[in-house]
Amino acid sequence: LWLIAFVSSTVLAGATSDAQGNSRALKSFGYLPEWRYRFLDEDHADRLAVMCEGLTHLIFFSLEMDAQGGLVALDRLPDSERLARTRRVCPDVKLLVCFGGNGRSGGFPAVVQSETLRASFL
């Protein structure tokens, strides 16, 4: 796939019901690593629109935390122009960011083991 790996194996449409019969809309998450952010550029807006058609959430990969709970590598987020375009082209998609993964979790153990650092991070 040229653009995104879906967290769910299939993009689903419609709704389900919980045990009490209440309707719940299905969620579909997309995962976009920073080495694919070029697909957020103006010349790829058509691809971005197609990608967002089946998504409820888009997750940007990834920030890190240091051992004191500080954020590292903020340059890994899409720049403000790309974020604004994504919001414009995909207005109903919630944008999220993940922390860690792929060798980027060095500070995670220290932060989650400390109640003070966890509270500070959150």
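Which residues of helix H1 (residues 45-52) are buried? The legends below begin with that helix. This is a predicted model, in which local features need pLDDT of at least 70, side-chain atom pairs count only at pLDDT 80 or more, and totals for chains, interfaces and linings use all residues. Residues are numbered from 1 along each chain as its sequence is written, and side-chain values use heavy atoms, leaving out hydrogens and water.

**View 1. The buried residues of helix H1 are Ala-45, Leu-48, Met-51 and Cys-52.** Seen down the helix axis, these buried residues fall within an arc of 120 degrees, so they line one face of H1. The arc is taken from the directions from the axis to the C-beta atoms. Buried means under 20% relative accessible area, exposed over 50%, and partly exposed in between (1.4 Å probe, protein chains only). On the other side of H1, look for the exposed Asp-46 and Val-50. Helices (H or I, at least four residues) and strands (E, at least two) are DSSP runs, numbered from the N terminus.

**View 2. Tyr-31 and Phe-61 form a tilted pair.** Rings of Phe, Tyr and Trp (its six-membered ring) pair if their centres lie within 6.5 Å; planes under 30 degrees apart count as stacked, over 60 as edge-to-face and the rest as tilted. Here the ring centres are 5.5 Å apart and the planes meet at 55 degrees. Tyr-31 sits in strand S4 (residues 29-33) and Phe-61 in strand S5, 30 residues apart.

**View 3. Tyr-37 and Phe-60 form an edge-to-face pair.** Their centres are 5.7 Å apart, with 85 degrees between the planes. Both residues, Tyr-37 and Phe-60, are buried.
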